[in-house]
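Please consult the sequence and structure shown here while reading.

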Amino acid sequence: MSETIHVALGARAYDVHVGAGLLARAAEIIAPFAPSGRIFIVTDKNVAHHHGAMLTKALSALKPTLIALEPGEHTKSFAGLEQLTSQLLAANISRKDLIVAFGGGVIGDLAGLAAGLVKRGVEFVQIPTTLLAQVDSSVGGKTAIDTPHGKNLIGLFHQPRAVIVDTSVLATLPERERRAGYAEIVKVGLIGDAPFFEWCEKAAPFVIGTTPEPEKLGGRVHRDATIATAVKHAIAFKARVVEKDETEQGARALLNLGHTFAHALEAHGGYSNQLLHGEAVAVGMGLAFQLSANLGLCGETDAARVRKHLSNAGFVTDLRQLPGAPFDPAKLLALMAGDKKNEAGKLTLILARGIGRAFIEKDAPTEVVRELLQQETT
Ligand SMILES: NC(=O)c1ccc[n+]([C@@H]2O[C@H](COP(=O)([O-])OP(=O)(O)OC[C@H]3O[C@@H](n4cnc5c(N)ncnc54)[C@H](O)[C@@H]3O)[C@@H](O)[C@H]2O)c1
Ligand SMILES: [Zn+2]
């Protein structure tokens, strides 16, 4: 059984297909977007190992060429882009061929960028295989690579023609990666959907996979159904935001709740694997709510509730305990001030008037942020 979430972007509109076992039907979904009948599957070696044979078989009618890159963030680089585009050109890719990004956010971002650039743009389809990619990076058309100046600084908006979210592939995903993806799910509740946050408070162990008794939730909901609900909800929320603001001129920035803190923490640690993006986002969302409470925008109880939930879900929410600690508050603030979302000289942050009531503050008081970071790191 599958469901479709439409992303209404005029000429660039597409469907996100969500369901368990959808890979088997991938050919039927993809074929209309590959007029030449020829496709290039871009993946990483982990995903190829677990699911490559299955997808290649499912897509055999479309004569797939499989390109398996090294796993890891470092592949999302100029070197990775050069390697991928060289392989595509060596195989004589044409503008009527289709690129299929099959992997986590690293592969989606890199293959999407390559698709936007090769031969001045070929179409692509996303088949995300991490929870993070399924609920976040595969929808919305942001593509990028990292540079020594920072993450995601070279990129373009290039919307996929379709997204195929097969929740069954998550079975092979390590628990730590699932938890990291969960951060972007619960983020949706914190931004704009308090009842969904409340649902998450009960459902988190089932989504992340930490409960040994997964069969029932509230007496009836099976784990797979719980994951499917969470995934669909998060995608639908993102789709609605992206429809309103495709290129992040305004409201799309709400999706960055916790991210300015997170990017600073990731940069402080040199983007090492000891702190995954979702782990940084979790602590960042806790800080965004604490800052909102310190500013008198939301109650202390809301901030405490957010942190308690994140901690129950298995995240480290105390900066002093976080991998990479001790963090230098002045350095964190400088990194936050350098974030690409800022407008001249001002610190843009996503703050909240309560759970589910986030808003964009384009001139956050630096002094209060400095105090918070000081208080949290010492
Ligand atoms: N474009 C966007 O809007 C957007 C949004 C959020 C994040 N991102 C980007 O996404 C990237 C992070 O993505 P990610 O967390 O998916 O990381 P990732 O792509 O590195 O995948 C994480 C790990 O899981 C492995 N893996 C993937 N699928 C698997 C599966 N089904 N079973 C077993 N192993 C599997 C990968 O090989 C990798 O080792 C970052 O570069 C971030 O900047 C982009
Ligand atoms: Zn994120």
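In the classification used here, Ala, Val, Leu, Ile, Met, Phe, Trp, Tyr, Cys and Pro count as nonpolar, Asp, Glu, Lys and Arg as charged, and the others, Gly among them, as polar. On that basis, the shell around ligand 1 comprises six nonpolar, 10 polar and nine charged residues. The model is predicted: local features need pLDDT of at least 70 and side-chain atom pairs count only at pLDDT 80 or more, while totals for chains, interfaces and linings use all residues. Residues are numbered from 1 along each chain as its sequence is written, chains are lettered from A and ligands numbered from 1 in the order in which they are written, and side-chain values use heavy atoms, with hydrogens and water left out.

**The ligand site**

There are 25 residues around ligand 1, and those that come nearest are Asp44, Gly105, Thr129, Thr130 and Thr172; a residue is near a molecule if one of its heavy atoms lies within 4 Å of it. The table lists polar contacts, each a pair of N or O atoms within 3.5 Å.

| Residue | Protein atom | Atom of ligand 1 | Distance |
|---|---|---|---|
| Lys76 | polar side-chain atom | oxygen | 2.8 Å |
| Thr130 | polar side-chain atom | oxygen | 2.6 Å |
| Lys142 | polar backbone atom | nitrogen | 3.0 Å |

On its own, ligand 1 has 870 Å² of accessible area (Shrake-Rupley method, 1.4 Å probe), and the protein covers 89% of this area. Two or more residues of the shell come from each of α2 (45-58), α4 (105-117), α5 (131-137) and β8 (150-157). Helices (H or I, at least four residues) and strands (E, at least two) are DSSP runs, numbered from the N terminus. The largest contribution to the shell, four residues, is that of α2.

**Helix packing**

Axes are lines fitted to C-alpha atoms over the stretch in contact, and angles run from 0 to 180 degrees between N-to-C directions. Helix α6 (residues 175-192) packs against helix α8 (residues 223-244) at about 55°, with the axes 10 Å apart. Helix α9 (residues 259-268) and helix α10 (residues 277-294) pack at about 130°, their axes lying 7 Å apart. Angles under 35 degrees count as roughly parallel, over 145 as roughly antiparallel, 65 to 115 as roughly perpendicular and the rest as oblique; α6 and α8 are therefore oblique to each other, and α9 and α10 are likewise oblique.

**Backbone features**

Most residues other than glycine have a negative phi, and most peptide bonds are trans. Lys119, in the loop between α4 and β6 (123-128), has a positive phi near 50°. Ala325 and Pro326 are joined by a cis peptide bond with omega about 5°. Pro326 belongs to the loop between α11 (300-312) and α12 (329-337).

Notes
Polar contact = N/O pair within 3.5 Å; in protein donor to acceptor, adjacent residues only side chain to side chain.
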